[in-house]
Amino acid sequence: MASFSVVPNGDGSVGGWAATSGTNASCVDEAWGSPDDADYTQILFSASGASIFLLLGDMPADFGTALTVTVDIRCNHTVSKAGFIELDTIQLVQSDETTAITSTQTVDDTTTIANFSLTLTITGGTSKTVWDGARLKITASAGATVGGVRVYTVRVTGTYTATAGNPWYAYAQQ
């Protein structure tokens with residue numbers, strides 16, 4: 001079993017989300033251990049209920065079959081009142097931004113910037129072809145009053161079976 005770690009490397013469909021500078025992906029692609037909370041992507045209540053799709057880097061060359069996947073996300077919502085907008089769900093989808101690769105997972109964000117680690121269930125294809133070019137779909141809830149949701153950094157990690165093209169494959173099979 002081998003592991004992978006990818007971060008957003010481009011923007012897909014945006015749906016009301018806005019970067020504080022540059023692209024949405026460039027605001028959330030920093031190293032997990034040293035996030036930059038000065039830049040982020042956000043959605044305000046006026047566009048609530050919308051999704052953003054962030055392109056993920058390709059899987060390793062020896063990627064055979066996806067086994068597990070976890071999304072680490074650093075986020076918060078900005079106002080704590082009745083009817084506020086908050087992060088709703090995350091999911092991995094194929095490059096068509098429609099075909100699900102994983103189940104959705106609810107994010108229980110707070111007004112304090114916090115880290116969340118969410119394990120998703122793989123429900124779609126597991127091959128390198130399916131996972132290369134995958135998108136992370138982040139959806140905000142429909143807030144009725146004020147506030148917004150901010151995402152500061154995100155990464156996708158997981159495990160996979162390595163193909164025979166990996167020199168460690170033969171060793172691991174012993």
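The largest nonpolar core of this predicted model holds 39 residues, and those with the most contacts inside it are Trp17, Ile73, Leu87, Ile90, Leu92, Trp131 and Ile138. A nonpolar core here is a set of buried Ala, Val, Leu, Ile, Met, Phe, Trp, Tyr and Cys residues joined through side-chain atoms within 4.5 Å; buried means under 20% relative accessible area, exposed over 50%, and partly exposed in between, with a 1.4 Å probe and protein chains only. In soluble globular proteins, nonpolar side chains tend to be buried together. Setting aside neighbours within four places in sequence, Ile138 is in contact (heavy atoms within 4.5 Å) with Trp17, Ala50, Ser51, Ile52, Leu54, Ile73, Leu87, Thr89 and Ile90.

Residues are numbered from 1 along each chain as its sequence is written. Because the model is predicted, local features need pLDDT of at least 70 and side-chain atom pairs count only at pLDDT 80 or more, while totals for chains, interfaces and linings use all residues; side-chain values use heavy atoms, with hydrogens and water left out. The protein chain has a mean pLDDT (the predictor's confidence in each residue, from 0 to 100) of 86, with 84% of its residues at 70 or more. Confidence is highest in helix H2 (residues 128-131), at a mean of 96, and lowest in helix H3 (residues 167-173), at 50. Helices (H or I, at least four residues) and strands (E, at least two) are DSSP runs, numbered from the N terminus.

Turning to the strands, E6 (residues 63-77) is mostly covered, with twelve of its 15 residues buried. Two strands pair if DSSP finds at least two bridges between them. E6 pairs in the antiparallel sense with E11 (residues 148-162) over 13 bridges, where Phe63 faces Ala162. Strand E6 also pairs in the antiparallel sense with E9 (residues 114-120), over seven bridges, and here Cys75 stands opposite Ala114.

An open sheet of five strands, with antiparallel pairing, runs in the order E2-E5-E10-E7-E8. Its edge strands are E2 (8-11) and E8, each pairing on one side only. Three bridges join E2 to E5 (residues 51-56) in the antiparallel sense, and Asp11 has Leu54 of E5 as its bridge partner.

Finally, Thr102 lies in the loop between E7 (87-93) and E8 (105-106). Thr102 is buried, with a relative accessible area of 1%. Beyond its neighbours within four places in sequence, Thr102 is in contact with Val69, Gln91, Leu92, Leu120, Thr121, Ile122 and Thr123.
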